[in-house]
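Dear colleague,

Please find the structure below, handed over for your records.

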Amino acid sequence: MEAINIDKELIEFKERIETEERIILSSGFGDGKTYFLDKFKENNKEQFEFITLYPVNYQIANNREVFEYIKRDILIQMVANGMIKPDYEIPESMMIQYFIMNNSGTIFDTLLGTIPLLGLTEPTVSAFLLGLKSLKCIKSMYDRLKDYKKKIENKEDINIIESFIESFSMEKGGLYEIDLITKLIIDNIRWYKESSPKRKVILIIEDLDRIDPEHMFRILNVFTAHIDRKYQLESWSLHRDNMISYENLNNKFGFNNIVTVFDYDRTEQTFIHKYGEKANYKGYINKFITQVPFKYSITETARKRLREYISEKCFVSESTLEHADIYNIGNIIRQLSVRDVQQILDNVDSYIYDETAVFGTKRIRTIAPITRFIVILHLLGFSNYEINHIIFYRLSPLERLYCINSFIYSEIRKYDNILYEETIYAIKENTIRDYIESIEFKKIIGYSDCKVDRTTIENSLRTAFKYVKGF
């Protein structure tokens, strides 16, 4: 069974990535978002570098810890992906600050201890450990930290604190820049983008609606805080010259794009349940998107592919499929599962005798618009009587001609122009090898002595039914 073609949706999503800094990929449980994202990453790996977070792996963390998990997860993946500058040197002040505040060795010791808690895949962990070998800063950090430990052995606590404060007196930006992991991430994303100017760095936060709502909004608030902080700094910078701040980046950490993945409509219900009917969900969530959410469902995509197939191969428009009567084809399509659609698309032609029918001097292929349409309607559950009703009472005259198509030669043989429903049409044949694949009808002003009436269409339809198997 062939997979449903999602190329159009992948192209549309890429266009959004190229024009919007923050995107919500809205997709519900079972809507195929994992397959969609995997295909998107595979198709665009030469243009984009992806960092993907799965917060469900560390939702047991408390408010303070959750952002630390996010940062460590990002940094580990950056090391694994070769996104750390090989000769990157960690400033002395940042290294000392990290040591004092975490009562540990180096940042890389902490990352190693965090790995089991993040739910990372084995290839990512292996790539991370290999990546550590290429970083020159690791030995340097240990040597410098050893010297620092010797210096503080005989100092009193107050002197250590004074040294800590003094180490930041020359740093730019203030408190929002003193976190070592944040600095490592921002500096190296900047370096990576400068060294690979044609590649964008994309952060994807997966399956947010699979975790506890409290935790979901906690994570979203981390990124909202950055956006709010950026606006504050932009306002503040009007009164300061040459202000430099890591927090003045368009996206957290300097990512080109941040993609959050959750069911937009379902999350709205959760938000209102949590904060009340008067809570402004759209105002809250709009900080995570530049335009509107990109909604994706493999089920809806499959149904869309079927409607497109009927339009392109059978010449029956979507508006006709949606005609509101007892034979509403659109309603039936909306009830189909992905598997149902695949079964139809994969098997349409197998229900038709693939022959070359000869009508006088005309040779036509029997796999044609009308035989395909008959098969699809049968597979959707319509009887022969209902199919006749649809063709005569739901299709427009021009649609009916295009759907009957080359089978009209079973009734007319030698005419270039026909008269049907008070309109003259010129016939243009599309020939492949030695048979007519399809014909086109063009309205013209003129005269024709070949009149096509209901009997002509009925007989052509009856002939087409003979080439459909099993009905």
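Phe373 touches Ile310, Cys314, Val316, Ile329, Ile390, Ile391, Leu395 and Cys403, leaving aside residues up to four places away in sequence; contact here means heavy atoms within 4.5 Å. The model is a predicted one, in which local features need pLDDT of at least 70 and side-chain atom pairs count only at pLDDT 80 or more, while totals for chains, interfaces and linings use all residues. Residues are numbered from 1 along each chain as its sequence is written, and side-chain values use heavy atoms, with hydrogens and water left out.

Phe373, Phe13 and Ile418 touch the most other members of the largest nonpolar core, which has 76 residues. Such a core is a set of buried Ala, Val, Leu, Ile, Met, Phe, Trp, Tyr and Cys residues joined through side-chain atoms within 4.5 Å; buried means under 20% relative accessible area, exposed over 50%, and partly exposed in between (1.4 Å probe, protein chains only).

An open sheet is formed by 5 strands in the order E2-E3-E4-E1-E5, with parallel pairing. Strands E2 (48–53) and E5 (294–295) stand at its edges with a single partner strand each, so one side of each has no neighbour in the sheet. Strands are DSSP runs (E, at least two residues), as are helices (H or I, at least four), numbered from the N terminus; two strands pair if DSSP finds at least two bridges between them. Strand E1 (residues 22–26) is joined to E5 by 2 bridges, and Ser26 stands opposite Lys295 in E5.
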